[in-house]
Amino acid sequence: MAADRHPGLTTAEATYRLKKVGPNVLPTVRGPSPVILLARQLVHFFALMLWFAAVLAWIAGMPQLAVAIAVVVVLNGVFAFAQEWRADRAGHRLRDLLPARATVIRDGRRITVEAADLVPEDVVLLEAGDRVSADALLEESVDLAVDESMLTGESVPARPGAGEGVHAGSFVVTGEGRCVVTATGAGTRLAGIADLTRAGKRPPSPLTRHLNRVVSTIAVMALGVGIGFFVIALALGSPASQGFLFAIGVTVALVPEGLLPTVTLSLARAAQRMAGQNALVRHLESVETLGSTTFICTDKTGTLTRNEMTAVRIWTPQGTAGVVGDGWSPLGRVLGPAPVHQAVERLALAATRCSTGRLVRLGGGWQPQGDPMEVALHVLALRAGVDVEQDERIRPVRRRLPFDPVRRRMSVVLDGELVVKGAPDVVLPRCREADAAAAASLAGLTSAGLRVVAVARRVVVDPSAVHRAATATPEELERDLELLGLVALEDPPRSDVAAALAACRHAGIRVAMITGDHPATALAIAREVGMVSPDAVALTGADLPPDDAALGELLDHDGTVVARVAPEDKLRIARALQARGHVVAMTGDGVNDGPALRAADVGVAMGVSGTDVARESADLVLLDDRFATIVSAVALGRATYSNVRRFLTYHLTDNVAELTPFVVWALSGGRIPLALTVLQVLALDIGTDLLPALALGAEPPTDRVLDGPAPTAELVDRPLLTRVFGVLGPAEALVEMLAFAGVLLAGGWVWAAEPSASVLATASGTAFAAVVLGQLANALACRSAVRPLGLWMVRGNPLLLWAVGVEVLALAAFLWLPPLPDLLGGSAPSPLGWALAAIAVPAVLLADAAHKRLSAPHRTG
């Protein structure tokens, strides 16, 4: 065998190959520059509309307004840019998974080189604790266990033997190996995953799509109204230049300048709430998208489970026993009668001596070292009260036959005893008394999805036999064994997963387990947490149809379990479900999850156990790794959706009141003066309305927010439009125009006459006050789409009360604080004007209450 080994490269050969293939580093794709990323945030559709409004305001001679609009766009763009800049760092984090140095054979000598200097045909030596530097083919494998979970999702370390491959980015848990490099840098499997991560593009969020439609509608309406008023102004004999400036003013007034900051700050507020519940939002739009989620694809290891292998059931010839304890804590005990307990002690000691993984005390706590399964066996010994360290001092290991994937077992020779540990189907045939009870127990344990390890021994009392054991072949040693028992292990589910899954079902959210683990293990966990029925079956990556439409149809139901999936499969699954209209949330923690996290509508990464790649690719990071945190985040996401509808109702109602004076002026042929000036309209949009709208965006979730499926209706649907244009808007506009007309008539105005400047200013100030007071009542009414008048309006959202108070102060400033009244074109109302304007409060509240009572109570809010 030694003669067949690759001798390694010479330094000259390695230098030549390095020049030819390049360094062993992941390729860096130059992404968009910060300037381009920032520019994208300043030229999306909504931003372009506001830029257009700013230009029109400048042309119309309102430079202060133009500057104010520009500041709003820039501040929002900078905020969004900061979020996206962090997100696009995901591909670069993959380079951290490659080690800095590696041990190789060069010029026939063992030396250490920079990992970047590795080339194909290099011979690399692996030891426990090493990170694999490149894709390679094993020549030798001695008890080698490799953790590939971050590449494959498989929770159990791989045991590759000679002739099998290891991959860059994986981690050597135990043993030693000698391998020949087959691929470096861009040719590695890790680089392929990096390419998938970069290729995955985030789809536009539901919020983006909805808001684009709303803004498009408003933009078309504003432009149409502006053109219409320009034509009317010309028909009334106004000069073309004056009519053009008037049309520009009307168009700018109808653009919702306050909507963009309201949306951004509302999402930021929700993100702060989620952070308080251990859910870190990396992209603000994901707050609302999470609330629209209809399908969650979740990983198993570390997400639904604790990623802590533990022994749960023991079978011995003397009987069965259970094990209680928490994860990898040594605190716990074995449940069973005394004879069984003694048998478990013998089994646990033998299994631990035939292992190298240990639970060690570090820094006042317990930490696992080595293969998780072997750590679990050591924990079992500690819980059974076995003193492993003392036995190690008394009986040192004389010979170790390491595990390999062909033999599927491991043996050690101690003073007086041979111990064998391995797969039951290879250990039991070597036992002299492996009766039907053992086979029956094995069948029951494996059908439950548990990983089963068989432990056996042979007593060696003759000193000459011990000497022979040191040189005998494995087949000569591992025969005529005494079966000590079977150990069943599992990676236990998190305690709150079952309740979280039930909450998802109650909310109409479908959940599927997508894992790289074994089908039986995945199905067992799914049954234990109530994800699937007892008779359910698991699919595998090989079972998935190549056609995306067929794939979506196959998976589009609750409780799907898909095991042995590759990163490409997760991408296909996300896209197939999206094609069927689902808003998909994908959870994950490994390198292999990066591409799918980026492609999903909401990528959810684990903050504790997850890799940097997963966290940077995700939209949401669970800081406590609890699946239940997703449910809390969904509730806040749905609340955000409702809040966006609340402040849209609030904004659009104001638009009705703002547009009405211009419509009345146009329909009367200019005989009725304008009740509001363009600057008064703008003062309403970004002056009095902004804080109440923000407070509505911070409305806390209701108790019913998770009742039923996720909201799928448009943000602006028929019920909302009916409420705005049929109830709230007309009530506010009616009082506005009546108050305006009442003050004009009281000042001596007659039809078609030109009122005096002072009377017009007072009447205009009255109309302005009526709209502000109507919006005050509107803010309280918009807290719910179904609840009528009541004390609930002033409870539960202190921010709204503060905002309403500031709104009143802003009204006073606009009416009394020089030079604002002269600038806006309205003065303080007369006593009659105040009395008329105050009618707006009960008018809006009563109209809304009547509408809610007459409407079917099928909406939540």
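Axes here are lines fitted to C-alpha atoms, for helices over the stretch in contact, with angles running from 0 to 180 degrees between N-to-C directions.

**Figure 1. Overview of the predicted model of the protein chain.** The secondary structure of this predicted chain comes to 33 helices and 24 strands, and 56% of its 861 residues count as buried. Among contacts with a separation of 6 or more, 74% are between residues 24 or more positions apart. The chain exposes about 34400 Å², of which carbon and sulfur atoms supply 61%.

**Figure 2. Close-up of the crossing between helix α26 and helix α29.** Helix α26 spans residues 678-688 and helix α29 spans residues 757-781, and their axes come within 11 Å and cross at roughly 30°. Because angles under 35 degrees count as roughly parallel, α26 and α29 are described as roughly parallel to each other. The contact brings Gln680, Ala683, Leu684 and Thr688 of α26 together with Ser764, Gly765, Phe768, Val771 and Val772 of α29. The crossing of α26 past α29 is right-handed.

**Figure 3. Close-up of the crossing between helix α25 and helix α27.** The axes of helix α25, residues 627-667, and helix α27, residues 690-697, come within 8 Å and cross at roughly 155°. With angles over 145 degrees counted as roughly antiparallel, α25 is therefore roughly antiparallel to α27. On the α25 side the residues in contact are Asn643, Arg646, Phe647, Tyr650 and His651, and these meet Pro692, Ala693, Leu696 and Gly697 in α27. Here, too, the handedness can be stated: α25 passes α27 in a right-handed crossing.

Figure 4. When its neighbours within four places in sequence are left aside, Leu126 is in contact with Val132, Val166, Val172, Gly175, Glu176, Gly177 and Cys179. One of these partners, Gly177, is 51 residues from Leu126 in sequence, yet the C-alpha atoms of Leu126 and Gly177 are 4.9 Å apart in space.

**Figure 5. Two buried cysteines, Cys354 and Cys504.** Cys354 is buried, with a relative accessible area of 0%, while Cys504 also counts as buried, at 2% relative accessibility. A disulfide is a covalent bond between the sulfur atoms of two cysteines. The predicted structure holds zero disulfides.

Methods: Residues numbered from 1 in each chain as written. Predicted model: local features only at pLDDT ≥ 70, side-chain atom pairs only at ≥ 80, totals over all residues. Heavy atoms only, no water. Helix = DSSP H or I, 4+ residues; strand = E, 2+ residues; numbered from the N terminus. Buried < 20%, exposed > 50% of the residue type's maximum accessible area, 1.4 Å probe, protein only. Contact = heavy atoms within 4.5 Å. Areas by Shrake-Rupley, 256 points an atom, 1.4 Å probe, with all protein chains shown as cover. Disulfide = S-S within 2.5 Å. Parallel < 35°, antiparallel > 145°, perpendicular 65-115°, else oblique. Left-handed = near helix turned anticlockwise from the far one by under 90°.
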